[in-house]
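Trainee: Can we go through how the inside of this one is packed, and then look at the rings?

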Amino acid sequence: ETGCNTSQKKDGHVGGTKYGGTKPQQLASTTDHSFTLLPFTSATGEAVCCVVIFQCKSDDELKDTWATVIDYFVEDPVKDDDDTIPFENNTGKNKFYPGGPTCEYNGRTIPCLHFSSPSGGITGEILAKILKQFDEFGIAPRDD
């Protein structure tokens, strides 16, 4: 479990290089948004699932764009007439918003899961939801 904050206001490191100075030269987030990154692995060390828990009051406040990444290497994303890149038309593999990391485990593709809590950390309710999703994905074979 790793707790993080999106604010880079006091962070001078980019890719291991320390940048200094008083005038910002690169685009960076300056707002505080806490989140927790929770990687799940099997007993053999294989990646099973990546879970991100965002700090907000309810899942209703989660924005679709929070749970994805931006692939700046996509050369020609679909744009609106006003030159914006709409989320709906650019979501999925090899698109501008490809989504969070997926894991291949037991022959299944497990998507990144995302939740929210007031603290940005895990709760018993979130853990129960995660385990229910794992059961629905069928990642652990059951012999009845």
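Mentor: Before we start, note that this is a predicted model, and that buried means under 20% relative accessible area.

Trainee: OK, so why does Phe 40 count as buried?

Mentor: Phe 40 has a relative accessible area of 19%, and the cut-off is under 20%, so Phe 40 is classed as buried.

Trainee: Which residues touch the most other members in the largest nonpolar core?

Mentor: That core has 14 residues, and those touching the most other members are Phe 40, Cys 49, Val 51, Leu 113, Ile 130 and Phe 134. Two or more residues come from each of strand 4 (34-41), strand 5 (47-55), strand 8 (113-117) and helix 1 (124-137), with strand 5 giving the most, 4 residues.

Trainee: And what does Val 51 touch, leaving out residues up to four places away in sequence?

Mentor: Val 51 is in contact with Thr 36, Leu 37, Leu 38, Phe 40, Leu 113, Phe 115 and Ile 130. Another core, of 6 residues, lies apart from the largest one and includes Cys 50, Phe 54, Leu 62 and Cys 112.

Trainee: Switching to rings, how many aromatic pairs are there?

Mentor: The structure has 3 aromatic pairs.

Trainee: What about Phe 96 and Tyr 97?

Mentor: They are also edge-to-face, with 5.1 Å between centres and 80° between planes, and both residues are buried. Together with Phe 87, they form one aromatic cluster.

Note on methods. Residues numbered from 1 in each chain as written. Predicted model: local features only at pLDDT ≥ 70, side-chain atom pairs only at ≥ 80, totals over all residues. Heavy atoms only, no water. Core = buried A, V, L, I, M, F, W, Y, C linked by side-chain atoms within 4.5 Å. Buried < 20%, exposed > 50% of the residue type's maximum accessible area, 1.4 Å probe, protein only. Contact = heavy atoms within 4.5 Å. Phe/Tyr/Trp six-rings, centres within 6.5 Å; stacked < 30°, edge-to-face > 60°.
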